[in-house]
Amino acid sequence: MRRFPAQAWLNLWICLAFQGRYARDEVFPGDTILPMNAFWNFLETLLGLSVEPKDLTFIQISLRGIIIFLATLIMVRLGHKRSLAHKTPFDAVLLVILAAVLSRAINGSAPFFATIGGGVILVLLHRLFAHLAYHSHQFGILVKGTPDIIVHDGECDFQTMRRNHVSIHDLEEDMRLNGHIDDLSKVRLARVERSGDISFIKK
């Protein structure tokens, strides 16, 4: 039997080593992409991302609702606590629009992940405006408004009440509920606050 010289064995080993490396380079990207494609296809089927809204199943809508619930909870935590209290129309607008936008992701009338991204942008924009309003009183007035005095020393300012759509019956009702008084002459000051609530300061 003919024996190969040492140099021939070395050359053969180098060729096999390089071929193995190139083979691995060709397999590794596919090994990464295939599982990702499989996961995306599974997610697409599970949530019904590529079907018409009328074709969504009970399970798909339920799973969408769970994801949107968790995503909204995270978004609200990104905001501030006052936004949940409807302190001003500025805060209420965020919750109304956020609910309207995210509900479209549940019923399938808007792209699922893009809608969640849009909700995050709204929350971040609200947080930015709140930050600017904190540092700028004029900007705060622009986005949140100003309080209006409707009663001064027991006397009603009917023009301001009319502008705020507060009737005398509304005023008396809030006096009983919030001020715990039933006599207008006992009120030193009453304001329609920026939240729309009426606050009372007794004499």
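## Close-up views of a predicted model

**View 1. The chain as a whole, shown as its surface and its elements.** The chain of this predicted model exposes about 14,300 Å², of which carbon and sulfur atoms supply 64%. Buried residues make up 24% of the 203 residues in the chain. The secondary structure comes to 7 helices and 4 strands, and from the N terminus on these elements follow one another in the order α-α-α-α-α-β-β-α-α-β-β. Among the contacts with a separation of 6 or more, 51% are accounted for by residues 24 or more positions apart.

**View 2. The largest pocket and its lining.** The largest pocket has a volume of about 170 Å³, and its lining is formed by F90, V93, L94, I97, L98, L122, L125, H126 and F129. Helix 3 (89–107) and helix 4 (112–135) each supply at least two residues of this lining, with the largest share, 5 residues, coming from helix 3. By residue class, the lining divides into 8 nonpolar residues, 1 polar residue and no charged residue.

**View 3. Helix 4, its span and its buried residues.** The end C-alpha atoms of helix 4 are 36 Å apart, which agrees with the 34 Å that its 24 residues should span at 1.5 Å a residue. Buried positions in helix 4 are F112, T115, I116, G119, V123, H126, A130 and A133. One of these, H126, is buried in helix 4 and also belongs to the lining of the largest pocket.

Note on methods. Residues are numbered from 1 along each chain as its sequence is written. This is a predicted model: local features need pLDDT of at least 70, side-chain atom pairs count only at pLDDT 80 or more; totals for chains, interfaces and linings use all residues. Side-chain values use heavy atoms; hydrogens and water are left out. On a 1 Å grid over the protein atoms alone, a cavity is a set of points where a 1.4 Å probe fits but cannot get out, and a pocket is an open set with protein on both sides within 12 Å along at least five of seven lines; lining residues have an atom within 4 Å of a point. Grid points are joined across faces, edges and corners, and a volume is the space filled by probe spheres set on the points. Ala, Val, Leu, Ile, Met, Phe, Trp, Tyr, Cys and Pro count as nonpolar, Asp, Glu, Lys and Arg as charged, and the others, Gly among them, as polar. The expected span of a helix is 1.5 Å times one less than its number of residues. Buried means under 20% relative accessible area, exposed over 50%, partly exposed in between (1.4 Å probe, protein chains only). Contact means heavy atoms within 4.5 Å. Accessible areas come from the Shrake-Rupley method with a 1.4 Å probe; for residues, only the protein chains shown count as cover.
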